[in-house]
Amino acid sequence: MKKYISILALSIAVISCKTKAVAVQGNTSQTIAPKEDKKVIEKHYDNKLDFSTLYIKASARYADEKQSQNVTAEIRIEKDKQILISVRFLGITMAKALITPSAVSYYEKINSTYYEGDFTSLSKWLGTDLDYTKVQNLLIGEAFDDLRKGKYTQTIVENLFRLDEDKDANIKKTFFLDGEKYLIQKEEISQPSENRTLQIAYSEAKNFDQGTLPTSIEINAVQPKGKTSINLNYNNISFNEELSFPYSVPSGYKKVTIK
């Protein structure tokens, strides 16, 4: 398996080793010209989604420099507790990933392999710090990092608030928020010395009673061995239903290690 930048990418890419809402269309920041605002981060968190569970059916497209694959993904989230991602091709479950604050597990059908571990080894493998909250944030459109814990230089670029983290010269983090609702439109994490870049972009969103949720996510990762992209489109969304999180590794599968 190649190195992928996120758990979501991992879950969707494993099969390619061989093989009632009001729409908010487009980038809302195009109609609002933001001015200097010292409370950008505070206002971003005013948009926090209020839910106990979230169910998503999505279409997904994975592509690297050698191949591309269209799949469907079913995402179940029990807020702050667990995420279950099921990846299907032609209606057949090809991979599952179960993510909790303390553990990461997945299995994939093509090579009959599975992984069980924590975020420590996985973060080292991916080349960027990763935890449960960051994966959840990626899926619901909240800033990848907790912006309230960092220091940022704020500028305005193409009608978006741009926040550049003032911390580590070896890892550059940039967040772009719109000037109307202060929602994340794009975020970038890069390690220039290692030629690694992760970019997450949100181009569509819907308003629900629980808050605003992105419905189109584009993930692009660049690493020394090549480029990977994943496009997610949320087709069916429901909140606060009673959900089950069935996960068990099929018998006969081989455990893999991540170093």
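1. Let's start with confidence, since this is a predicted model. The mean pLDDT (the predictor's confidence in each residue, from 0 to 100) is lowest in strand 1, residues 22–24, at 38, and highest in strand 10, residues 172–178, at 94. Strands here are DSSP runs of E with at least two residues, while helices are runs of H or I with at least four, and both are numbered from the N terminus.

2. Keep an eye on the start of the chain. Residues 1–9 have pLDDT below 50, and this stretch has 37 contacts in the model beyond near neighbours in sequence; a contact means heavy atoms within 4.5 Å. Residues 11–31 are also below 50, with 60 contacts counted beyond near neighbours. For the protein, the mean is 83, and 82% of residues reach 70 or more.

3. A word on the ground rules. Residues are numbered from 1 along each chain as its sequence is written, and side-chain values use heavy atoms, with hydrogens and water left out. Local features need pLDDT of at least 70 and side-chain atom pairs count only at 80 or more, but totals for chains, interfaces and linings use all residues.

4. Now the overall build. The protein has four helices and 15 strands. Of its 259 residues, 52% count as buried, where buried means under 20% relative accessible area, exposed means over 50% and partly exposed lies in between (1.4 Å probe, protein chains only).

5. Back to strand 10: how many of its seven residues are buried? Six of them are, so the strand is largely enclosed by the rest of the structure.

6. Who are its partners? Two strands pair if DSSP finds at least two bridges between them. Strand 9 (residues 160–165) pairs with strand 10 in the antiparallel sense over five bridges, and Leu-160 has Asp-178 as its bridge partner in strand 10. Strand 11 (residues 184–191) pairs with strand 10 over six bridges, again antiparallel, and Glu-187 in strand 11 stands opposite Phe-175. Strands 10 and 11 form a hairpin with five residues between them, and Tyr-182 in that turn has a positive phi of about 65°.

7. Phe-175 turns up again in the largest nonpolar core, which has 51 residues; Phe-175, Leu-54 and Ile-77 are among those with the most contacts inside it. A nonpolar core is a set of buried Ala, Val, Leu, Ile, Met, Phe, Trp, Tyr and Cys residues joined through side-chain atoms within 4.5 Å. Leaving aside neighbours within four places in sequence, Ile-77 touches residues including Leu-54, Ile-83 and Phe-245. A second, separate core of nine residues includes Tyr-55 and Tyr-247.
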